[in-house]
Amino acid sequence: MIENNNQIRDSFGSKFGVIAAAAGSAVGLGNIWRFPLVTTQNGGGAFLLLYIGFVILIGIPVMLSEFSIGRRAQLNAFGSFKKLAPGTPWFLVGSLGIITAFAILAFYSTVAGWTLEYFAQAITGKLSHVNDMQKNFADFSSQTYRPLMWQFIIMLVTSVVVFAGIKKGIEKFTKILMPVLAVLILFVAFRSVTLEGAMEGVKYLFVPNWSAVSFKTVLMALGQAAFSLSIGMGTLITYGSYIQKDNHLLRTSTQVAITDTSIAILASLMVIPAIFAFSPGSDVASLSPGPGLVFEVLPDVFKSMPGGSFFSVLFFFLLSVAALTSTISVLEVVVAYLKEELKLSRGMATLIAAVSISVLGVLATLSFGVMKDFTIFEMTVFDLLNYASANIMLTFGALLIVIFVGWRMGKSDFINEISNQGSLKSNLFKGVYFIIRYIAPVAIGIIAIATFFIQGIV
Ligand code: TRP
């Protein structure tokens, strides 16, 4: 398909399409393997309240900032800054976003590949016969060909969806899969909370324990909110550029945030009560978020659960969906950039982006096998990509984006954009701008500094 500048820019066709795509980006492995444990270990309901507070106070305003930049400029993350602040170094924030997308997708595709392997193990029944789940995971992830094959399949599916475009690819795909994901999570969560002994877990999850809340907990709640909403790297700038001019951006941002938070809470109801039902409560405190939870602990839980092999198939399917709707949003950041800045066709841009990211991705995948002793700053390639992107690049990206909107784009342009040239009226618009200009930069700035000193915030 040859596109030229005279053609209308591809866009989302419906409001629901925008929400499905943006929520698809936000709902990822972070919701499932991080949020439930972080919440349970840091005060349950108390953490949840802090988290929701930060989603409203910081998350939604930053998401709205990204949407407004993209929709105003009608360009990719890099081009948007160049157009809105010509002749200034602000385009570097766009470059940072493109590089972050590159780094995130390289290691996220490794993990997304693992979810497919486990889906295959669940559906063939192999998983329910494994005796040592830790060994099963270590054996698989340290191989060379099999993890690479799954990573390749993830990159292929991601590329096919992105190649098909916004309306016919990303929107169509996420509009079907996000509701499926929601129904599956509800279903598995229902199974989990109706297990004998599950109520202990539900209590642990929701009853506020304020004595577990410290300064670090507060930072963790903010860090998790920002990471979970996929803010800070231009995904939402890119998606924003495809949102129609009559869309109520503040309402859309709020709906995306509500979806992401609801799914995180449902994921907690799926994970925590089941663990409580099958192992002593004290275990939850010693678990750490990450692959160990979904590839070692939960498969053991499914083994003991009535109907567990069936639920494990559903679980790994929904995990794969959560991962895929995120990978397509990251690839689109790079593809939109290559397409618009280098004037490539969508096909060529997709091919170049996918192949070059995969080269780095192979190194991330092999970090668990033949390259496990290859380290930079005492980290494997996988760990380095993960740490640099999630802890440093996303945080600085989010900080610079709010500074851009609050101090460079300015009040009238911002309010003009989110009010659809004055046709929407809301008392909230000025308040949101105040947050973006004064509060969000301070809050995110504290996180940016603190990640260097305190481990485990993001
Ligand atoms: N929000 C995703 C999750 O919860 C992770 C993520 C962070 C992400 N930034 C992103 C995904 C950008 C896609 C694009 O797992």
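Guide: The model is predicted, so local features need pLDDT of at least 70 and side-chain atom pairs need 80 or more, while totals for chains, interfaces and linings use all residues. Residues are numbered from 1 along each chain as its sequence is written, and side-chain values use heavy atoms, without hydrogens or water.

Some terms come up at once. A cavity is a set of points, on a 1 Å grid over the protein atoms alone, where a 1.4 Å probe fits but cannot get out; its lining residues have an atom within 4 Å of a point. Its volume is the space filled by probe spheres set on the points, which are joined across faces, edges and corners.

Helices here are DSSP runs of H or I, at least four residues, numbered from the N terminus. Nonpolar covers Ala, Val, Leu, Ile, Met, Phe, Trp, Tyr, Cys and Pro; charged covers Asp, Glu, Lys and Arg; the others, Gly among them, are polar.

Next, the other spaces. The structure holds 5 cavities of 30 Å³ or more. At least two lining residues come from each of α1 (15-26), α2 (29-41), α5 (91-123), α10 (215-228) and α15 (308-341). α15 gives the most, with 3 residues. The lining splits into 7 nonpolar, 9 polar and no charged residues.

A pocket is an open set of points with protein on both sides within 12 Å along at least five of seven lines. The largest pocket has about 750 Å³ of space. It is lined by 22 residues, with Arg34, Pro289, Asn386, Asn391 and Val458 nearest its centre. α17 supplies the largest share of that lining, 6 residues. In the pocket lining, 14 residues are nonpolar, 6 polar and 2 charged.

Look at the rings now. A pair of aromatic rings is described by the distance of the centres and the angle of the planes. Rings of Phe, Tyr and Trp (its six-membered ring) pair if their centres lie within 6.5 Å; planes under 30 degrees apart are stacked, over 60 edge-to-face, and the rest tilted. The structure holds 29 such pairs. Phe78 and Phe91 are edge-to-face, 5.9 Å centre to centre with 75° between the planes. Phe78 lies in α4 (residues 77-84) and Phe91 in α5, so the pair ties together parts 13 residues apart in sequence. Trp114 and Phe382 are stacked, at 6.2 Å and 20°. Trp114 is in α5 and Phe382 in α17, so this pair ties together parts 268 residues apart in sequence. Trp114 and Phe382 are buried. Buried means under 20% relative accessible area, exposed over 50%, and partly exposed in between, using a 1.4 Å probe and protein chains only.

Finish with charges. A salt bridge needs a side-chain nitrogen of Lys or Arg within 4 Å of a carboxyl oxygen of Asp or Glu. A search of the whole structure finds 11 of them. Arg9 bridges to Glu340, with the closest N and O atoms 2.5 Å apart. Arg9 sits in the segment before α1 and Glu340 in α15, 331 residues apart. Arg71 and Glu417 meet at 2.7 Å, N to O. Their places are α3 for Arg71 and α18 (residues 411-418) for Glu417, 346 residues apart. Arg71 is buried at 1% relative accessible area, and Glu417 is buried at 2%. Glu417 also meets Arg72, at 2.9 Å, N to O. Arg72 is partly exposed, at 22%. Arg71, Arg72, Lys245, Asp413 and Glu417 are linked in a network of salt bridges.
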